[in-house]
Amino acid sequence: MSKSRIRIGMVGGGETAFIGGVHRIAMRIDDQFDLVAGALDADAARGRAFAATLGIAADRAYDSYLDMFAAEAARPDGIEAVSIVTPNFLHFPVAKAALEAGIHVICEKPMTVTLEEAEELAALVASSGKQFFLTHTYTGYPMVRQMREMIAAGEIGTLRRVEAEYLQDWLADAVEDTGAEGAVWRTDPKKAGAGGAIGDVGTHAYNLAAFVTGQEPVELLAELSSFVKGRRVDDDAAILLRYQDGAKGSILASQVLPGNGNNLSLRVYGDKAGLEWRQEAPEELYFTRLGAPRQLLRRNGAGATPAAVSGSRVPAAHPEGYLEAFANLYRDAAKAIIGETGPSTVPGAPDGVAGLSFVEACLKSAQAGSVWVRLAD
């Protein structure tokens, strides 16, 4: 990796934004980015004040992302990449403007709020010559990458079933009525998109399943519910999946189940073996061959695959977690930006389109009375 840091700006991620802080930590862990500019808040004065606390020079703390892209493009030391950590409805216009300004993009998921926007943005990425990365965090975990390698190597045999669950409880009450910022925009279809839980956590579960198996389902059937009275988007979803070669699957995505913090899990079964992983115990991967005892594999321990080793920073039994997984995405994005060879494992524009195709198919299925719907090719 080059010693020269990539100059990066940030859109969103102000003082009260959780995910902005996560991105800033992740980009610092491997010391490959310099955060030198930002349009951090819809309240420009508040954004400029917060930028000063991050060490961003006053003349590079901007009132809007358009101001930032125009000014930075005119500087010999202008930003080379931008991190987009805004509510969903701003992902498309900000990413579009960045790509048109010749700037690489690292974007929070979902890629956009509609499939049409996602397809337009993917076409722009392809024609721009710039890199686009989608921060599906959980693909950065070493044991998730080990699952992917083991499945690709034929360790589980022919795929039979994929079971993904992403369960939370933070929206079990009408939190949006208290004015909590994250809850307000996530339950507003104009800002989050028509999908609620399916867009916020369902897309993570869907992407994770596709990432490790290397397969996208061809059909799905969805039942979407809004358990909290008056909520305008779904907060609970149960989805069945069908794959091209006969495998089956399911996704359960809910934000209203008491006792669940960030309970993401993935189980994948073939005709020879099965694999099980939980985000709340990310160091562990269970592998069971048919007719053999259940085997516990630990991150960077015996039996670790190359992808798991390269995604680890410390020896086995020295725990790593969410921030390190996020940092793996930034590290791999940096490698791609500076032109290092080798396949990237960071989700990109095609994954973003697939996520919005998933959301659209879920909405279409549910609105038609929970019928089977074919996913867009």
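**Exercise 1. Find the strands that helix α12 lies across, and give its angle to β7.**

Solution. Start with the helix: α12 spans residues 349-367. It lies across β7, β8, β9 (248-254) and β14. Its direction is about 70 degrees to β7. Helices (H or I, at least four residues) and strands (E, at least two) are DSSP runs, numbered from the N terminus. Axes are lines fitted to C-alpha atoms, for helices over the stretch in contact (heavy atoms within 4.5 Å). Angles run from 0 to 180 degrees between N-to-C directions.

This is a predicted model: local features need pLDDT of at least 70, side-chain atom pairs count only at pLDDT 80 or more, and totals for chains, interfaces and linings use all residues. Residues are numbered from 1 along each chain as its sequence is written, and side-chain values use heavy atoms, leaving out hydrogens and water.

**Exercise 2. Trace the order of the open sheet and locate its edges.**

Solution. Nine strands run in the order β13-β12-β11-β10-β6-β9-β8-β7-β14, with mixed pairing. Pairing takes at least two DSSP bridges between two strands. Now the edges: β13 (295-298) and β14 (373-374) each have a single partner strand, so one side of each lacks a neighbour in the sheet. Next, take β7 (residues 219-225) and β8 (residues 236-242): seven bridges join them, antiparallel. Leu-224 stands opposite Ala-237 in β8.

**Exercise 3. List the contacts of Ile-251.**

Solution. Leave out residues up to four places away in sequence. Ile-251 then touches Ala-164, Ala-205, Tyr-206, Ala-237, Ala-238, Ile-239, Leu-241 and Phe-358.
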